[in-house]
Every structure is written in C-alpha cells, then in structure tokens.
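Colleague: Could you walk me through how to read helix packing and salt bridges? I have the chain open beside me.

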Amino acid sequence: MFFSDGMTCAPNTDGTAACSHRRRCSGLTGCVLLASEAAAHVARLCRSNPRLLSMLVQEKCGEDANSSRFAHDFKTLADVLVQRVVAKRIGQQFPELEGDVYGEENDTIQNNKGQDVTILVGETVEETLQCLTKALGDDLDSAKSLAEAAHKEFGSKDLNVDCYPPEEENLDLEKIGIWIDPIDSTNEYISGNVDTINEYGFHSNGLHCVTINIGLFDKHSGKPIAGVINQPFFEFDAVKGWSGRCYWAYCDGQKSLNSLPEFISCNQKLVVTSNSETDAAKMALRRSGYTVTTASGAGYKMLCVALGVVKCYALTKDSTFAWDTCAAHAMLASQGGTAWHCHTVSGPLTYWPKITGGGRTHCNAFGVIASRDQKTVDRVHVLLSSLHQLHCGS
C-alpha cells in the first residue's frame, strides 16, 4: 500500500495489512468502497440464479449500445440494480451528491410481459420488492431475495481489502462527480466461464475479468480524484461459492493513498489490449519489442496495470467510456501514473458530468494508453499515434 505522506499499514497477526486508524469507512471513498461490496453481493446473487440471468438479459440499442466494439451489446437486471444500489447508498450518506452520480446504464428494463419497468431501490425492502416483483413478472421468491440483497448492510469487516480509506478527506463535495460502471465485462458475466491464469499471471477472460468500477472526479478540472474497483468473482470456494476483492485509491492533488500492493517487478515490455484491437496496432507494438497480449474488461486491464502485473494498457479504438476508465485512472494517478489519449490528442483523459441524450459524448474517442510509468505512455503514444496518422493519410 502506498501513502505519499509516509503512513504505512502495520500487519495483522495473520500477515494481512491493517490500518486501525482507518477501520471506519466513513469518508466518501469509504462509503463508495462499502457500496461496491453491496453491489458485488447483488451481482453474485443474480449470477447464481440461472433463471434470473436468462430471463432478464437484454440487448442494448440506440445510443446505449457500444456498437463500435460489439455486434451485440447486452445489459442485465444485475447491471441496472447494481447501479441503483451504489447510487442509493452514496446518496443516503452524502445527499448533496445525489444528482452527481452517473452510470453507464439507463434505469429501465423490460420484463417478460413486454412491459418497461424502471428499477428503483426504495427506502425500505418492501418498496424495492414491489418494483422488482413487477420487473420479474411476479416471481415473488426471486424478487424478495434481490430486494433483501439490495438493502443488506456491509461493514469494513466484510471487505477483502488490504487497507482502509481515510476517515477524513479534503474534498469539496460541490466539485465531485461520480461515474459507475455497474458490471464491466457484461458478456463475461453472462457467459459465466471461468478461465485459468495465463502465462503472464492474470486472466484473459471469464468471470475474474468482471469488475464494478466507481470513479470520483473533479467536475471543474475533469481530473480523477478517487476510485474503487471491486472484483465480485475473485475466488471460488466449493462450499461458500464466490467471494470478491476490493481496491481503492485517493489522490486529491496533495495526498495520494491507495490499497494497492507495493510495486511488483512486472514484464517491462508487456502490453495488454482488447481482443478487438487491430492487427496493425499489435504488430507496431511487437516490432518495437513489446509483448502483446489480450484480456477482457477495460477496468480489469487497467487494474492489472495498477497492480503491476503488466506494464501498459493500450487501445486505439473508441470502445471505452468515462465509466470504464475513471476509477482505474485514479488508481494510476495515486501511483504517479496516468491514462492518456492514444492518438490525435495527447494528454490525460478527463471526465465530465453526464449529458442527457449525449450519445457517445463520454466515449474515450481517441483510445487509451495507461501505465504507472509516464515514459512508457510517451513511447507507446508515439508508436500508435503515428500509426493513426498513417492510416488517416492513406
């Protein structure tokens, strides 16, 4: 764990890190961390019920669809409910932020009767149950279990995290916006496949690549301020089922804190990219001495960079959005790293409040390069931006 002010976490008796002065997750980052675990609980419950999943997997259309990458782009009830759970919990603890929490998904899903249902998390389990019963076509048992899950309380003891966020943060809440990606890598979530770790020490696809990404940003400057990434499907136990893993970071310009492990010496030439990346981009990287591999989930790939498993994440395509990258960008920033535009426009990615009907306004239209090392970002930017210029000139 890294603390720019010199603070460290003394280990517990079992060898895990502990910060006794940060046990209470009362600050905004701590609130988001607990909200992510509540959301992960809902995601695991939905995934464990095949009927729920099959009944409410729907294809996105119009401006909601990521047509630049997927021939078919899907959302699930889990996507929508997870997003509402996170937004509700943040709004309850920080009511001044209620209108500044933005998500990838719209709140409407169609039930098996063809009716559009707006998913809401009410003040009580009964209110949420009423909404979910309509969404689930009067399947009372499933609706009840989901409503109870949406209201389940979590504390710091429930988190699989190496260290806890500060209780006090130097944040001006009037400047804060929050982007949620409720279930990043929805296709992997739907398929439910479990992939083994690849030769480089991470997962190329499968449930391990599914993440819940929650990023805080400054609405005035566009800079990322804090981020939480939750892997709901981190570890499987034959008796207990799936359990998750959480990471957080905070960087307000004066102080940088995170729960990420100390720097690991990774393959200095390993670049991870999307399965949809062009052959030309992959070849350009390989010709320059880089080893190129692929994985699912933008949030997961950027997390692998923050964890030091890979050197760089690069993508020339316009298939990621603010909700994909904001949380992980904050993690990299807390380590002295960054996430930049890949081509045409140099400089770091920025984040802005959601615009109604904005279509692809929040798309990272010029691709992404992310690394803990600015020199690596610069080198890869030169390679891939020149490739883009050649393509545009041909």
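Colleague: At what angle do helix 3 and helix 5 pack, and how far apart are their axes?

Modeller: Bear in mind that this is a predicted model: local features need pLDDT of at least 70, side-chain atom pairs count only at pLDDT 80 or more, and totals for chains, interfaces and linings use all residues. Residues are numbered from 1 along each chain as its sequence is written, and side-chain values use heavy atoms, leaving out hydrogens and water. Axes are lines fitted to C-alpha atoms, for helices over the stretch in contact, with angles from 0 to 180 degrees between N-to-C directions; helices are DSSP runs (H or I, at least four residues), as are strands (E, at least two), numbered from the N terminus. Here, helix 3 (residues 77-93) and helix 5 (residues 140-150) pack at about 30°, their axes 10 Å apart.

Colleague: Which residues make the contact?

Modeller: With contact meaning heavy atoms within 4.5 Å, helix 3 contributes L77, L81, V85 and R89, and helix 5 contributes L146, A149 and A150.

Colleague: How many salt bridges does a search of the whole structure find?

Modeller: A salt bridge is a side-chain nitrogen of Lys or Arg within 4 Å of a carboxyl oxygen of Asp or Glu. The search finds 7. In one of them, R44 pairs with E37, the closest N and O atoms being 3.0 Å apart.

Colleague: Is R44 buried or exposed?

Modeller: Buried means under 20% relative accessible area, exposed over 50%, and partly exposed in between (1.4 Å probe, protein chains only). R44 is buried at 14%, and E37 is buried at 6%.
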